[in-house]
Structures are given as structure tokens and as C-alpha cells.
Amino acid sequence: MGFIPPPQLARDRPSYLETYNKIISTHRRSPLTSASSVILLVAPNVDALCASRMLATLFKHDDVAYRIIPVSGQGELEVLATDLKSYTELHTLILLNIAGRFDLTDPMWFGEYDTRVTIHVIDSCRPQSLANLFTSGENGERVVVWDDGEVENLTEEKKAWEALQYDIVVDSDDDDSGDDSEEEFSEDGAEPSTSEVGSPSTKRKRSSDKVSRKRPRLEKNETRISRDDYEVYEALMNKHYGAGLWHGQSASGTIYILSTLLERVDIDLLWLAILGLTFQYLTARISRDTYEKYHAVYYDEVSRLNPRPINDEPSSSVDPNDISVRATEELRFMLFRHWTLYDAMFHSSYVASKLGIWKERGRQRLTGLLAKMGFSIPQTQQPYPHMDMDLKRTLVQKLNDVAPEYGLVELSYPSFVRCFGFHSQPLSAADAVEALSTLLDVAEGIRMEVEAEGMRNGGEWFGGGRVWDAHRSDKHSDTNKPKASDKGARREDGADEDEEPAEPRWWVNNFWRAYDACNNIGSLREALGLSMTLQRAIIRQGTSIIDKQDIRTMRNHRVVILSQGPDLALFSNPSVLMRLALWLVDALRDKLSGMTVNARSRKKSLPFILACLNETKGRYTVVGVMGALDYGEIRKNEFMKAFLDAQEKTRADVQLTSFDGSILEIDQADLKIFLEKLCES
């Protein structure tokens, strides 16, 4: 099948609805139906998490047993691909934000699976593998990519891929030289599908980086292309795969379109789709223009599904059963509805950039801004819910009047809040995304201390905090026990459901805590305190880096190496290190000049490389980000190809541990030479 277009572009092709109905009909006809017949492999990010929750709702409605398996990275997917091959009852495998860049028809992935097994790819990461999109025949039919309309723009890439894949290369100097000989060619630029790039045991897996095949002897009816055409097509492939990583329609957005076609849209599904979109925007995966395009769609959906309240006040619920979603303007202040106003502004990357809060003068400017707005220091140190109502009502207006004098001109963006009756104050989409991201990253696996309620600044007597206990939030959830339909979801090894499950790893526990919290306001609010602690650590580390001038310039890159300090264990987590990198880009956007990374780059950007030592493993976690010079703009992340080229030159001990190609692990001894070669490219 290759790919399925979105419904508006389907014409005479099957689209989302027909493909989903085929999954259901296959499941109902299957003689071996179990929870392992339909398996969802889910990446540990908020978008994939929400998409899996939405699909689970749809499957439950259709009485389809399923399993959800969180997958942390390429290495684990490799193991799962081998293990799942033995599942005789398996007929549908759904990959959410996983492996869209890899050639899944390759034998090392799913190419040797039974032909009745269909692999569905719903991935927002781009570019996607052309082999998944355009491979024909029985092997190509097993992979189905849920397209968002991008494939329509790949006509030239398709032509080039098919020519390199199926046509015979003929030397321009001797057109007959290929008739009676076999020719070896390589398709450069495709993405690597190995989790251990430098490992000798994975040499066979380099087929996705350089596909080397023997061409059969030229048959009478086969097509031939000239050497010049071959080089043109090869250059086009290199451009397609080497231009950098970017993101398209969210996975949760794709499932929401499916829900609309099934006529099953409700407030819960709409909220999850909004969270997926908000996650993409807050993590700089999509531009402001792209965000506003999808926001307009969800704004119409909110208006359709939610009668507008009489008072039109998004800050409170109308009645005890009010679970509506409402449109609002979201301030760029970190968790400001749950923090003090001063802390929310101090911990905002946008405010940090404009005021330079890592310096004493910047902190004085922040205090001066609040004073000029008419907010006293005691008021700004109050938790936001306890501030004077008059001040809260006039906050946005006063910011619009005064903040531009301090360079703060983009203080808000359109977003949504959701009501939870009288159980809680409404929760914004941005706050929910922060809570879920924090649960995924640090709910377990590292010791975190959170601020105790009412104990800020010494509290009434002594002040203090408490160590975060992930099990404490279990009291808010009634979904943390496996249900009949997804009992096997909390297992990773595919064992029978009545066997005693092995103790899962900490990040697997984190995934399930975030999964349970998606529709549980108690768990989300409990996680907000952990989010504040994590943001404090990021600001503390970021200001220390800037204060101590730990940012080194290496040719066209800015490099930060964290090899000592109290928070090494925290920042060796790739997701947390990526948060720090994004904060540094935002904070220094107006302070640093842009650079072009290489000759291919036309636009200037802020390329940052952060490396943090994992003392337990003796390895560095390395992330690379390409920040744009203007807020709301996005640059394609070119670090994946740069990382691979540097590894090829140095033969460093590198592991690609994530589905994000701009994140890797490297042996401590290899870091210096690796960075030198990386910055030379």
C-alpha cells in the first residue's frame, strides 16, 4: 500500500477511515485473536503518548484487544522487531512517532515478517523513508504510512528513488558495458537504522546508510539511465535525507482526523489532540505559523463541541460537571497560574532572553517591570491563585502597556484551557504538557525534591520541601492497574498475560504514570510541583553556564560540556539535556550572532551542542539543536547527518539511543576528537 493520504487528498485512494476499518475487520476475522494481535509501539513523548491514548479509546469502542509497548529508542526497537516476529497471532503493528525515517521493509526491521502482518507508521518526524512510501510488491504492501499530504510534494524524489532502486546504470562512455556484467551501486543519504553505529556486530545494519546491492544482468525490457542521470538522482536523494530533521502533522492530530471520520469526536479526544499540538510548539518542533494553522482548526472544533459560557470567563468552571475546553491567550510565563508571578517570569526563557535574568541587572529590571505595572513585591511573591483579583484581571492589559518598553513584545500566543468542574481550577494546555513531559522524564529514575505546599521562603516557620515520590500520585489515579484489554501493555517481553511480569525499568514506569495522568487532574496537578523543580534546575544550570562563560565557540558551533556538578545525573537524561539546550538558545537568541553550519545551509542559525557526562556509564550524552534567530521560526536540525559523518571519520564508540537523530551517547574518551571532527564539517 505504501502510504495513505489524508481524506481531503484521497480521491480514489483509501484513506484513514478505510485503513482503520480494515484493521477492525482483520481483527474480527482472525482466528487467533488476543491482546497481542494489535500492538502499539509508542515513543516516550507527549504527542505519541496522547495518540496512543486516543487510539486506545477507539479500539475499546470497537471491542478490539490491544497492547501498548513504550519503546525508548532504536536499540530497543531492534530487539522488539526480532521478538515480535514469533507472535503467531499478530496482524497489526502500529508505530507512533517511531522509525518513520528507517526502511522498515529491510529484513533487519520487518521485511521478514509474515505477509499478513501490516505495519502502520504514524510519525511526525521528517524526512520519511522513501522506501516505506514507494516500495511496491508484497514487501512494500506490508508497510502503511499515514501521510499528512506531504507525499504530494515528493514527485521528483519518487522518480529519483525509483530510478536508483530499479533502473540500470549505464556508463556514459560505454553504453554496452552494463549488458553482461553485474554492477554494484550505493544509495547514499538514507538514514541509519542501527542503534550502535560503531559496533562491529552491526556492520550488516549499515544498509540504511549505504545500500549496496548487486544489479542483475540487463534484461531485454529493463530501463537504463545514463551515468549523468544517476548522479542527478543521487544528489536529489542526498538532499532529501541530508537537509535535516523537521516535523509535520502531530501523530495525535492524525488520530483526531480519524476520530472525526468515525464520528466519535468528544472533548477528551479533542483535548489530547490539542496537547499533542502544544507539545510540538513548546519544544520548537513546529513554527508559529504552522502552530496557528492547526490552532485555527482546533479553535473551530472547540466552538463546535463546547457551548460558549455566558460569562465567557476561562478562569473558572461554570458548574460541577463542566469539563469544557475553551480558547484563551497563553502568556509565555512558566506555569504562572500555579507559581508566583515573579517566579513564573523569572523561569521563562523568553523573559530570560529579553532581560538577561542571569545577571543582577536583569533581575533588577524584572523587579522594575513589575513595579512599573503597579504590582508590589509581596503581591508578586504570592501564589498566583492568592493574588488580588483586580491585579489578575488587569495583568494582561498592564503587560501590554509596560512590557514593550523592556523589549517584551511577544508575551502571549493563542492556546486553550480545560475545565475540571469544581475539582480544580482550569488547566491550560501548556501546563498539562509541562506536567506530562516531566512525568515522562523524571517521575522515577532520579531523586528530585519538590517544594512542600505553604513552605515557600521558610513558610510560616521553617520552610523546606519533600522528596518527590512517584507512588504518592497513584492515589489520584484509578487507571494505573492494567485492564483486561491492555493488561499485557505493561509487559515488554511478550510473555503470557497470566505470568508474573518482570519489574519494569524506571522510564517504562514513567510512561505509564504519564499515560494515566492524561485524563486525571489530580495526577497532573501533583506533577506541576515536579515541573517547577525541574525548571529551577534548568535555570540554575543555564545561568551557571552563561555566568561562567562555559560556552565555547568551535568554528561554526557553540559547545557546552558538563563534566562536573550536582546535577550531572539529571542532565545526562537526553530529554532534560535537550530542554536545557532549548533554554540556552532562547536565552541567548538576542545576544549571539547567527552562523551557517556548512556550505549547504542558506539561513543563519544558532547551532548548539551540549554534552553531559553520565558518571555511572562513563559516557557522554550529546544533543544538538539548530535554533532560529527569530522567535516562532524553526530550522531543520542538521546534526543527525553531521553526527554520523563525524563518527565515520573518528570511528568513535557511538550509540544512537533515541529516535531523535540529534541525540547520541559517546564514550568519554572519544568525545574530544568527535567534537573536533564534528565542528570541522
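Strand 14 and strand 15 are joined by two bridges and pair in the antiparallel sense. Strands here are DSSP runs marked E of at least two residues, helices are runs marked H or I of at least four residues, and both are numbered from the N terminus. Two strands count as paired if DSSP finds at least two bridges between them. The model is a predicted one, in which local features need pLDDT of at least 70 and side-chain atom pairs count only at pLDDT 80 or more, while totals for chains, interfaces and linings use all residues. Residues are numbered from 1 along each chain as its sequence is written, and side-chain values use heavy atoms, with hydrogens and water left out.

Another open sheet has six strands in the order 18-19-20-21-23-22, with mixed pairing. Strand 18 (552-554) and strand 22 (654-655) stand at its edges with a single partner strand each, so one side of each is left without a neighbour in the sheet. Inside the order, strand 20 (residues 606-614) pairs with strand 21 (residues 619-627) in the antiparallel sense over nine bridges. Cysteine 612 stands opposite threonine 621 of strand 21.

Strand 4 runs parallel to strand 2 (residues 38-42), to which five bridges join it. Five bridges also join strand 4 to strand 5, again in parallel. Leucine 41 stands opposite leucine 95 in strand 4, and threonine 92 stands opposite threonine 118 in strand 5. In a regular strand the side chains alternate between the two faces of the sheet. In strand 4, Thr92, Ile94 and Leu96 point one way, Leu93 and Leu95 point the other way, and all are buried. Buried means under 20% relative accessible area, exposed means over 50%, and partly exposed lies in between (1.4 Å probe, protein chains only). Because five of the five residues of strand 4 are buried, this strand is largely enclosed by the rest of the structure.

**Nonpolar cores**

A nonpolar core is a set of buried Ala, Val, Leu, Ile, Met, Phe, Trp, Tyr and Cys residues joined through side-chain atoms within 4.5 Å. The largest core holds 185 residues, of which Leu41, Phe59, Leu104, Phe110 and Phe333 touch the most other members. Helix 18 (residues 521-547) supplies the largest share of this core, 12 residues. A second, separate core of 26 residues includes Cys125, Tyr620, Phe639 and Cys679. Leaving aside residues up to four places away in sequence, the contacts (heavy atoms within 4.5 Å) of leucine 104 include Leu95, Trp109, Ile119, Val121 and Val143.

**Charged side chains**

The structure holds 28 salt bridges, each defined as a side-chain nitrogen of Lys or Arg within 4 Å of a carboxyl oxygen of Asp or Glu. Three of these pairs are listed below.

| Salt bridge | Closest N to O |
|---|---|
| Arginine 418 and aspartate 268 | 2.7 Å |
| Aspartate 322 and arginine 326 | 2.7 Å |

Arginine 418 lies in strand 14 (residues 412-418) and aspartate 268 in helix 9 (residues 267-282), so their pair ties together parts that are 150 residues apart in sequence. Arginine 418 is buried at 6% relative accessible area, whereas aspartate 268 is partly exposed at 37%. Lysine 85 counts as partly exposed, with 40% relative accessibility. Aspartate 322 is buried at 8%, and arginine 326 is buried at 7%. Lys617, Arg619, Asp653 and Glu665 are linked in a network of salt bridges.

Lysine 392, in helix 15 (residues 389-402), is buried yet has no salt bridge. The nearest side chain of opposite charge is aspartate 388, 8.6 Å away; Lys and Arg count as positive and Asp and Glu as negative, while His and the chain ends are not counted. The side chain of lysine 392 reaches the backbone oxygen of proline 385 at 3.3 Å. Apart from residues up to four places away in sequence, lysine 392 touches Tyr384, Pro385 and Met387.

Terms used. Polar contact = N/O pair within 3.5 Å; in protein donor to acceptor, adjacent residues only side chain to side chain.
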